[in-house]
Amino acid sequence: MGNAVKTVEQQADRSLKWKKLFSKSVSFLGLIVLVAFFAIATGGQLLNPDNLMLIFKQGFTLFIAALAAVFIMATGNLDFSIGANIGFSCAVCALTAKALSPVAGVAAAVCVGALIGAANGVIITKFKMPSFITCLCMMFILMAATQTLCSNEGGSISMPLSMRKWESVGMYIVIGAVYFAVMLVMFRFTKFGKYMKALGVSPEAARQSGVGVNKMIFLGYLLSGAAAGFAGFLTMLRVGGASQTTGMAMTNDVIVAIVFGGMSISGGATSKISAALLGMLIVTTLNNGMVLAGYGGELQQLVKGILFLVVIAVSTKRDPNVIVK
């Protein structure tokens, strides 16, 4: 009898280990399948060196924004204003660069993005507004502001011609490596990152353990906003300016990328910074592959929506008593 029970327990342990291994590797396996599928569907165009460079440049802005958004999602919150923040910061960067100097434009973009993030944090923590409502309202405000700025400039804002030489593969590699290293250290090896994950597990338990819950949430949105501002500068550099629609699809891509990368939308202890990197590769490959395969934007959104719903259904722990934040 005792041996039978022991055997059952061993089988359960092995089953649990396999489930954990599958959960950790499913996103990576999904990326491999995605690359293989579109490599065949596009007749090898996906893996063309020029197209791989295009994927790299297209995904870099998403990479910058998603890494910072991981800190917000780790707490169980979302930042729906991040895409609109990128668009508005891009417009501010282009205007300031033309009026003052390119360096001033970059500084303005980061500062404006950080101020927007700080505003979200203050409204959520001081006025006790749900993060979902706060960021959604901020998104609409920023979209209107971006449209106004661009309309006043004839529909779009071009960056100074002198900034075109700034963009280079070397710049992307250096910025990406330093940025990822800093974010990784902050998330995994500092109290800030550990506190953010603790909030995702239980805000009340974190508060009773001495964590400044409001302070952490504020700093999380501040970080996300600053990253959005910098992403706005990079977007301007890649496309040559700002338009009324700049950044509009970025919010969805950021959230989808993090979830596709293997992180639960409810955050918590299982949150991981690598989800942003892996998810960025998946979303960028999906977007690029569908364009090369001749699928329109409507179908792209449909496919991402269905995949997102499936991943959420599989990865989220459902609790009937949970209220949307």
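Good morning. From the N terminus on, the elements of the chain run α-α-α-α-α-β-α-α-α-α-β-α-α-α. That comes to twelve helices and two strands, where helices (H or I, at least four residues) and strands (E, at least two) are DSSP runs numbered from the N terminus.

A word on conventions. This is a predicted model, in which local features need pLDDT of at least 70 and side-chain atom pairs count only at pLDDT 80 or more, while totals for chains, interfaces and linings use all residues. Residues are numbered from 1 along each chain as its sequence is written, and side-chain values use heavy atoms, with hydrogens and water left out.

Let me begin with the chain as a whole. Of its 325 residues, 45% count as buried; buried means under 20% relative accessible area, exposed over 50%, and partly exposed in between, with a 1.4 Å probe and protein chains only. Among contacts (heavy atoms within 4.5 Å) with a separation of 6 or more, 80% are between residues 24 or more positions apart.

I turn now to the aromatic rings. The structure holds twelve aromatic pairs. Rings of Phe, Tyr and Trp (its six-membered ring) pair if their centres lie within 6.5 Å; planes under 30 degrees apart count as stacked, over 60 as edge-to-face and the rest as tilted.

One of these pairs is F63 with Y179, which is edge-to-face, at 6.3 Å centre to centre and 70 degrees between the planes. F63 lies in helix α2 (residues 49–74) and Y179 in helix α6 (residues 169–189), so the pair ties together parts that are 116 residues apart in sequence. F63 is buried, with a relative accessible area of 6%, and Y179 is buried at 15%.

A further edge-to-face pair is formed by F80 and F132, with 5.2 Å between centres and 85 degrees between planes. This pair also links distant parts of the chain: F80 is in the loop between α2 and α3 (82–99), F132 is in helix α5 (residues 131–152), and they are 52 residues apart. F80 is buried, with a relative accessible area of 17%, whereas F132 is partly exposed, at 31%.

F56, F60, F63, Y172, Y179 and F180 form one aromatic cluster.

On a 1 Å grid over the protein atoms alone, a cavity is a set of points where a 1.4 Å probe fits but cannot get out, and a pocket is an open set with protein on both sides within 12 Å along at least five of seven lines; lining residues have an atom within 4 Å of a point. Grid points are joined across faces, edges and corners, and a volume is the space filled by probe spheres set on the points.

The second largest pocket holds about 520 Å³ of space. Its lining has 25 residues, of which R238, A249, M250, D253 and N287 lie nearest the centre. Two or more lining residues come from each of α2, α9 (213–239), α10 (250–260), α11 (274–292) and α12 (297–315).

Finally, the structure holds one cavity of 30 Å³ or more. The largest cavity has a volume of about 60 Å³. Its lining consists of A69, I72, M73, L78, D79, I82, V254, I255 and I258, and α2 and α10 each supply at least two of the lining residues. Thank you.
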